[in-house]
Amino acid sequence: METYQRKMNHNRDEYRKLRWKQHRIQVTGLFDAVFSKKAFVDKVAIVGAGNCDDLDIEYLATRCNSIYLFDIDMESMEKGTANLPERTREKIQLIEIDVTGLDKVDFDHNLSSMLNRGETAKGIIQYLKDTEKRLGQLSERVFANYYNDFDIVATSAIYTQLFYNWAKELLSDHANHYQKKDAEEMKNGILDVRDEIVRTVNHSISKCTKQNGFCITWTDILKIEPEYMDPINEGLNAIFALASNVGYGAALIGVKTFIEKVDKSELTLRYWPWDFQENKQYLTIGIIGRNNGV
């Protein structure tokens, strides 16, 4: 999975930093909303920092004492922060981490080996179910050292990047070795693992926020098509109705579980188009909430 994610991070063109300017402004606006309540904080965490293209780190560094960037791909974080001013870099800690915790049980190797040797669909499905049951424990091992540690914890478009795309591609490489029904059941098992990963990651990340600290997330929720513009323009209720039909399931679960973990009285939701690539836009949901300790 680490190799797959590194490939995705490195699959970028030279204009991306410029193309993402408006998206970056919107993300900065989420942090601004927090800083309007508390102008300066001690520690900020950003989970899924990657290339840092959607982050104005220089600005964030003026509002805190330290910034912790978490990602499975250390190389991309190093490149993304290398050209920052020294005074900014001095505040940054880079943490290489697989937020799923699956590296702790060598899941990548085990599932790949099972498929390569032609393990039965029943055996693979059982392995997926057993792994799903362990995710809470694995998540604890990943984040325990950071519980109650940060004034602001942000997740950077991670829900749609966790596990599923890698696992789906791996399964598709071996699908012709299985009957269609068995391949579909294995895919459903992968979806169940993905959904539980999103839930457990959100739960653990929320515990990294100090009591009365703030949680921020932004996520691509659907790919924008011309025929979607009418409901998008109608507002959030219509957007979520549309996303339930054509959107990304991981993002919807991520949004739902994020909202469950924060104080509803101070909840803020926003949305905007993200010019991800030339001729490819994603509708992005941004959320701000205060940790309620649940």
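Helix 10 (180–207) gives the largest share of the lining of the largest cavity, 3 residues. This is a predicted model, where local features need pLDDT of at least 70, side-chain atom pairs count only at pLDDT 80 or more, and totals for chains, interfaces and linings use all residues. Residues are numbered from 1 along each chain as its sequence is written, and side-chain values use heavy atoms, with hydrogens and water left out.

The largest cavity holds about 70 Å³ of space. A cavity here is a set of points on a 1 Å grid over the protein atoms alone, where a 1.4 Å probe fits but cannot get out; lining residues have an atom within 4 Å of a point. Among the lining residues are V153, Y159, I205 and K261. Strand 4 (150–156), helix 10, strand 5 (209–223) and helix 13 (249–260) each supply at least two of the lining residues. Helices are DSSP runs of H or I with at least four residues, and strands are runs of E with at least two, numbered from the N terminus.

Now follow helix 13. Its 12 residues should span 16 Å at 1.5 Å a residue, and its end C-alpha atoms are 17 Å apart, which agrees. The expected span is 1.5 Å times one less than the number of residues. The buried residues of helix 13 include A250, I253, T257 and F258. Buried means under 20% relative accessible area, with a 1.4 Å probe and protein chains only. These buried residues pack against helix 10, strand 5, helix 12 (236–246), strand 6 (268–277) and strand 7 (280–290).

Elsewhere, S66 is found in strand 2 (residues 64–71). S66 counts as buried because its relative accessibility is 13%. S66 touches D42, K43, V44 and K91, not counting residues up to four places away in sequence; contact means heavy atoms within 4.5 Å.

Terms used:
Buried < 20%, exposed > 50% of the residue type's maximum accessible area, 1.4 Å probe, protein only. 1 Å grid on protein atoms, 1.4 Å probe; cavity = no way out; pocket = protein on both sides within 12 Å on 5 of 7 lines; lining within 4 Å. Points joined across faces, edges and corners; volume = space filled by probe spheres on them.
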